[in-house]
Amino acid sequence: MKFALKAVTASVVLLTSGLVFAQAAKPAAKPAAAAAPTVAAAPSETKGQTVKIAMIEGLSGAFANVGQNQLKSYQFVAERLAGAKNPAGVNFEFVAFDNKGSPQEALNQLKAAIDQGFRYVTQGNSSAVAGALSDAISKHNERNPGKEVVYLNYAAVDPALTNERCSFWHFRLDADTSMKMEALTSFVKDEAKVKSVYLINQNYAHGQQVAKYFKEGIARKRPDVKIVGEDLHPIAQVKDFSPYVAKIKAAGADAIVTGNWGTDMTLLVKALNDAGMKLPLYAYYAGVSGTPTALAQGKDMNVSQVAISHSNFTGELRQLRNDFKTKFNDDYYTFQTYLAVSMLAQGVANAKSIDPVKVAFAMEDMTFKGISGEAKMRKSDHQLQQHIYISKWTKATAKDPYSEENTGFNFAVVKALEPYVSSTPTSCQMKRPS
Amino acid sequence: MGHLRAPFFLLNIDMEFFTNSLLNGISYGLLLFMLSSGLTLIFSMMGVLNFAHASFYMLGAFFAYTITQFLGFWVALFIAPLVVGIVGAGFERYFLRKVHPFGHVPELLITFGLAFILLELVQLVWGRASLDYRIPAALDGPLFTLFGTQFPKYRAFMMFVALMMLLSIWLLLTRTRIGLVIQAALTHPETAQALGHNVPRVFMLVFGGGAALAGLAGVIGGNAFVTEPGMAATVGSIIFVVVVVGGLGSLGGALLASLLIGVVQTFAVGIDASLVGAAASLGVAVTSSTFGYELLSLKVSQVAPIMPYLFMVLILIFRPKGLLGTREG
């Protein structure tokens with residue numbers, strides 16, 4: 001049996017390392033809204049052309065359900081905004097590249113995408129992956145003039161990406177953590193009942209930033225609120241959150257703040273529910289695949305979400321969500337996919353070209369049709385400026401009937417924050433190509 | 001911090017936290033045992049390291065989800081493991097048996113391949129999203145409330161099933177004729193064959209039985225946690241750790257290791273002490289400029305999830321046969 005033991009050892013090491021390297025992602029939030037305006041005549045230079053975008057995302061592994069949903073979202077929006085329905089008259093094609101949630105694999109996939117001629121790349125789940133992609137794309141563009149690649153970040157919210165690590169080629173469509181926390185702390189400031197907060201987050205760039213910015217914001221606005229505990233747990237490794245819940249209980253917290261997403265969020269909700277803990281939960285990603293179902297099992301859970309979206313959009317976006325549900329029996333929750341396509345279309349129309357360099361310049365300081373009216377891509381750091389919403393998990397109503405994951409519940413707006421409220425300054429020293 | 005109660009004081013442990021954590025640890029440990037018992041059984045009896053074991057767990061959850069839609073949870077509890085067992089037995093009969101004569105590496109590789117195939121099949125049939133596989137209404141809700149924290153009925157049910165499983169395997173192997181034949185076939189296959197027993201069929205039953213146990217764990221774990229195609233990958237490595245720590249092929253060892261890992265991991269999550277804190281109480285100041293600060297400032301709670309792997313490495317170094325294992329590897 002000597003051999004067998006060696007084999008076991010080797011296999012365990014293999015399996016373990018596979019698991020460890022495969023996990024490092026983070027997902028998206030959600031927004032919505034505006035009536036479809038009539039589209040101006042498309043410039044003849046771009047009409048009928050196809051913009052091809054490589055979606056380099058975690059499409060297998062622990063967070064596959066999230067990535068797969070977003071791939072469908074992108075393709076669905078591309079179809080809806082195709083040709084005459086966008087100001088540039090172009091068509092969009094999204095092609096999937098599986099980064100397995102790992103920065104290293106994402107770089108391999110980036111190379112493959114570039115080799116296949118893609119000049120636009122999009123990714124969102126995991127700030128760790130986003131950082132690697134942004135750096136690699138900047139380097140590539142510097143070394144390969146004439147073959148530049150533009151990167152649309154639809155969900156990675158680590159503020160560093162638009163501050164110390166900012167890049168001309170990177171455009172962020174979601175609000176970053178500094179903005180979301182500005183919004184959330186402004187909201188929590190008025191929640192008199194919140195006195196002792198527990199922070200539980202995934203241990204990587206995103207989770208650490210959530211903890212850091214919440215502490216910073218709340219110290220400024222409500223210095224009496226105590227942080228009674230803080231946990232950073234490994235991403236996608238924890239199966240049973242009940243030990244953490246016992247710890248939260250023991251710490252005497254009266255509210256929880258978490259940036260968890262995917263199964264890490266779902267399992268946290270399940271464990272809270274199992275223990276009968278009903279304290280308010282302030283979350284980033286309570287509406288992402290799988291989590292609404294777990295929330296519904298908890299019946300009266302008190303969950304608020306800070307995001308650029310909510311469940312109450314009307315008009316075109318409500319129709320879009322309903323049609324998505326009819327087609328896939330799944331929820332459209334990553335409204336940044338809409339923003340990405342809308343922004344790109346406007347950029348192409350303004351540049352009168354699908355060349356990424358021209359489009360990138362055209363998108364700077366550009367206003368375009370967002371989900372809550374006009375959105376503006378700030379020139380100094382390429383961070384989109386738009387509304388942020390605090391929404392609450394509530395029973396669907398006749399006025400706002402959307403049913404998240406067919407649970408009969410949705411995220412109803414309790415507070416809408418104008419873009420200027422949660423806008424945060426940037427330290428970005430952007431290097432623009434000459 | 002200077003009193004005799006220091007350890008408790010330092011670790012911030014009180015009775016409430018202690019009791020809750022112990023319950024959580026034991027119930028998690030028993031789930032780990034359910035997951036790994038089939039693996040250790042197959043290994044001890046056939047010498048086959050079944051890489052697809054976690055896939056059978058996943059399969060159990062998906063079958064149970066579908067059966068629940070039509071016939072309810074209680075039927076699924078019995079049918080789903082049975083179906084998984086049949087799949088396992090079929091795999092042994094038509095694939096594993098063919099490569100058995102070529103030795104361990106081909107066996108290992110074929111189960112490795114099976115894991116991928118099962119994953120893809122599950123994704124084709126059920127899709128990649130997580131399923132809404134719910135706990136039955138009868139088991140939903142708290143069983144009792146302890147210090148203001150509820151202990152869910154379903155956890156108690158999980159513990160009960162795991163213990164029943166342990167008891168039945170033990171009775172089957174030691175107190176029944178078929179168990180004796182299995183044991184004989186494993187240690188002395190030629191003799192058992194010469195005595196007229198169908199040894200290949202015994203192997204098929206063992207493999208199918210091991211797969212069914214994983215399937216049962218899937219039926220129960222699928223709704224307790226999340227039923228999605230990634231579920232096999234998330235438990236894949238931990239069950240190997242349980243089996244190695246417990247001792248390859250030892251059922252009692254697997255139980256001991258599962259409980260140990262479950263309890264230690266659960267308590268570790270609650271401990272926020274770090275080496276920096278330890279140094280401080282010894283009067284040594286460690287600051288962010290100290291060499292290795294990042295490592296020294298890691299809290300025990302942050303290390304908790306990798307503790308099982310640390311355990312495994314230590315066991316392999318100091319006691320390669322595992323806690324209760326009998327083989328020296």
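1. Two residues count as in contact if their C-beta atoms, placed from the backbone, lie within 7 Å. Before you go further: this is a predicted model, where local features need pLDDT of at least 70 and side-chain atom pairs count only at pLDDT 80 or more, while totals for chains, interfaces and linings use all residues. Residues are numbered from 1 along each chain as its sequence is written, and chains are lettered from A and ligands numbered from 1 in the order in which they are written.

2. Chain B has 15 helices and two strands. Both kinds of element are DSSP runs, numbered from the N terminus: helices are H or I with at least four residues, strands are E with at least two. Its C-alpha trace spans about 75 × 50 × 40 Å along the principal axes.

3. How much of chain B is buried? Buried residues make up 47% of its 329 residues. Buried means that 20 or more other C-beta atoms lie within 10 Å of the residue's own; 12 or fewer is exposed, and in between is partly exposed, with C-beta atoms placed from the backbone.

4. Now a helix pair in chain B. The axes of α3(B), residues 53–71, and α5(B) come within 9 Å and cross at roughly 20°. That makes the two roughly parallel. For reference, axes are lines fitted to C-alpha atoms, for helices over the stretch in contact, and angles run from 0 to 180 degrees between N-to-C directions. Angles under 35 degrees count as roughly parallel, over 145 as roughly antiparallel, 65 to 115 as roughly perpendicular and the rest as oblique. From α3(B), S55(B), M58(B), L59(B) and F62(B) meet residues of α5(B) including L114(B), L118(B) and W126(B). By class, this contact has nine nonpolar residues, one polar and no charged. Here Ala, Val, Leu, Ile, Met, Phe, Trp, Tyr, Cys and Pro are nonpolar, Asp, Glu, Lys and Arg are charged, and the others, Gly among them, are polar.

5. What about the interface? Here 47 residues of chain B are in contact with 46 residues of chain A. On the chain B side, the elements that each supply at least two residues include α2 (15–46), α5 (104–126), β2 (149–152) and α11 (251–269). The most comes from α10(B), with eight residues. By class, the chain B side has 23 nonpolar, 17 polar and seven charged residues.

6. Over to chain A, with 13 helices and 15 strands. Its radius of gyration is 21 Å, close to the 22 Å given by the globule rule for 434 residues, so chain A is as compact as a globular protein of that length. The C-alpha atoms of chain A fill a box of roughly 65 × 65 × 45 Å along the principal axes. Buried residues make up 60% of the 434. Residues 24 or more positions apart account for 75% of the chain A contacts with a separation of 6 or more.

7. Two loop residues of chain A deserve a check of their backbone. Phi of N329(A) is near 45°, a positive value in a residue other than glycine. N329(A) sits in the loop between α10 (315–328) and α11 (336–351), and it counts as exposed, with 11 C-beta neighbours inside 10 Å. E405(A) also has phi near 45°, again positive in a residue other than glycine. Its loop runs between β14 (388–395) and β15 (409–417). Is E405(A) buried or exposed? E405(A) is buried, with 24 other C-beta atoms within 10 Å.

Definitions and conventions:
Rg over C-alpha atoms; globule rule 2.2 N^0.38 Å.
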